[in-house]
Amino acid sequence: MSEPSAEWTPDHGASAERTRLAWRRTALSAGVVVLLAARPAFDPDAGPGLWITAALCGAGWSALVALAYRRARALRRRPPHPGRRSITAYAFVTVGLAALAGVIVML
Amino acid sequence: MFGGLRQWIDPEKTPTVGRTPDYRFSLANERTFLAWIRTGLALIAGGLGCAQFLPPLPIAYLREVIAVALLVLGGLVALRAVDHWARTERAMRLGEELPGSRFPAFLAVIVALGALLLIVAVLLQSPR
């Protein structure tokens, strides 16, 4: 299935490029979430709970950036494979960020 | 939703009868997924922003409730995004009709209700 099939229409990478940009954009949006999540940790009365959750959010963001980078590299193949695990992992890390954000709101 | 759980992890394995669709359709499906993820991330950012930047509202804990509701909605959007992506991928492989979804309408109604709630809260606060 990695073989370019007979009906493979080359589109000179336009859709792969758009997809790559979409991955980058998504990782950048996640950056906003992480900045907001880290903000309370810089409060003078912030406790270790906030520090740890903010650090975990940062780790989650690193994971998202790494996944986006990995997928963007995989898109360089022609024709690119449909995404698989990176996509699922991305969704689950996003859910994890939501859960951590919930902890930050409660603390 | 959970019948397709294996498909989330390996959508290429499950439908052995199917064939790899035109990669441009797969990539379009992937971009739709990413757009939904961005929607979810925006909701999460909104939840964090509510908790950090709203003044205490007239109803006790309303601010926290709104924030947590937005966060839950954001997580739900991300889960639904991966489910919808996997089902679309599968439908494309099998040459079936693409799956429809009521989720966008549901999300719109929930967000509109939340906005109404906030308007009520602001109106309650302003006479002071």
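## Core and aromatic pairs

Leaving aside neighbours within four places in sequence, A:Tyr90 is in contact (heavy atoms within 4.5 Å) with A:Trp23, A:Thr26, A:Ala27, A:Leu64, A:Leu67, A:Ala68, B:Phe33 and B:Ile37. The model is predicted, so that local features need pLDDT of at least 70 and side-chain atom pairs count only at pLDDT 80 or more, while totals for chains, interfaces and linings use all residues. Residues are numbered from 1 along each chain as its sequence is written, and side-chain values use heavy atoms, with hydrogens and water left out.

A:Tyr90 is also listed, with A:Trp23, A:Val33, B:Phe33, B:Ile37, B:Leu48 and B:Leu107, among the residues with the most contacts inside the largest nonpolar core, which has 51 residues. Such a core is a set of buried Ala, Val, Leu, Ile, Met, Phe, Trp, Tyr and Cys residues joined through side-chain atoms within 4.5 Å, where buried means under 20% relative accessible area with a 1.4 Å probe, protein chains only. Helix α2(B) gives the most to this core, with 12 residues; helices here are DSSP runs (H or I, at least four residues) numbered from the N terminus.

Rings of Phe, Tyr and Trp (its six-membered ring) pair if their centres lie within 6.5 Å, with planes under 30 degrees apart counted as stacked, over 60 as edge-to-face and the rest as tilted. By this rule there are 4 aromatic pairs over all chains, including these:

| Pair | Centre distance | Plane angle | Class |
|---|---|---|---|
| B:Phe33 and B:Trp85 | 6.4 Å | 55° | tilted |
| B:Trp36 and B:Phe103 | 5.8 Å | 65° | edge-to-face |

B:Phe33 and B:Trp85 are both buried.

Methods. Chains lettered and ligands numbered in written order. Buried < 20%, exposed > 50% of the residue type's maximum accessible area, 1.4 Å probe, protein only. Helix = DSSP H or I, 4+ residues; strand = E, 2+ residues; numbered from the N terminus.
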